[in-house]
Amino acid sequence: MVTSILFRGPCPAMSTYSWREWAQPAGAAGGSGSSQLEEGETIPLEYEEGSNVSLTFDFTFTGFGLLQLKRNNDEVYRSDGGLPGAETGLYVSSERRDVVTFTLSLVELSDSGIYRCYATGLEKSPAYNLEVVSSEKFIGISEDFDNWDPFEIDDYVAGIEGSKLTLACRVHGGLRSNCSIRWRIEPDILPLSKKNITSCDRYQEESLLEIKEVTVNLDGSRITCESGGLNTSVFVRTKRKTIIFI
């Protein structure tokens, strides 16, 4: 849903980035027309559902005619003739060379698509390819990543005394900007020789916890994996190593 539109003159303090800055290669010289998108190229945008998304277009006006915003050629906003009234919350500067910013509030998966702006039938630059990603997130603990079979919450995992115990935690769904998985062992048994390796991208996060030697003191301990408000845990059941007398 388009909840607001803002017209304004050029202003370096705009919170939305300039699409020319996006198109400008790093270290390239500036100047008018030095960074144009190729014909048919779109600017990719990726947001989690529930976000507010701003789309900024070049806009030149000599009065005000028909203004349209289209997604995949379907009209999602239309304003016919005249300048926007003050009651609409729209603002028009006195500059002839302007930009128009549309704000899409609380986007849903169905808002994904290619967005184009038209003023009196003429397309304005640029075009945006918006992908809205589900905000639903999942977390689980398994014995390994290759044969992913997550335990039920507070399930028991067997550890053999004197052996290594490895647990894998995976979080997927939504978007992430950094790695946030944390492991917690209760009670915190010291000394406990352990290490964990975490990797992540925008869509998924994985962490491997390795306890180098299981001891009887670990029996009944609760191991929790947590990330961004999500958590899941397992209990350790220590098995005594079989001793064979000859």
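Two strands count as paired if DSSP finds at least two bridges between them; strands themselves are DSSP runs of E of at least two residues, numbered from the N terminus. By these terms, four strands form an open sheet of mixed pairing, in the order β10-β16-β15-β12. The model is predicted: local features need pLDDT of at least 70, side-chain atom pairs count only at pLDDT 80 or more, and totals for chains, interfaces and linings use all residues. Residues are numbered from 1 along each chain as its sequence is written, and side-chain values use heavy atoms, with hydrogens and water left out.

At the edges of the sheet are β10 (155-160) and β12 (182-186), each of which pairs on one side only. The partner of β12 is β15 (residues 222-227), and the two run antiparallel over five bridges. Within this pairing, I185 stands opposite I223 in β15.

I223 also belongs to the nonpolar core described next. A nonpolar core is a set of buried Ala, Val, Leu, Ile, Met, Phe, Trp, Tyr and Cys residues joined through side-chain atoms within 4.5 Å, where buried means under 20% relative accessible area (1.4 Å probe, protein chains only). The largest such core has 20 residues, of which I141, L167, W183 and I223 touch the most other members. Two or more residues each come from β11 (165-172), β12, β14 (204-211), β15 and β16 (230-239). The most come from β11, which gives four.

Leaving aside residues up to four places away in sequence, I223 has contacts (heavy atoms within 4.5 Å) that include I141, L167, W183, I185 and L209. Apart from this core lies another, of 16 residues, among them L45, F57, L69 and L104.

Technical notes:
Buried means under 20% relative accessible area, exposed over 50%, partly exposed in between (1.4 Å probe, protein chains only).
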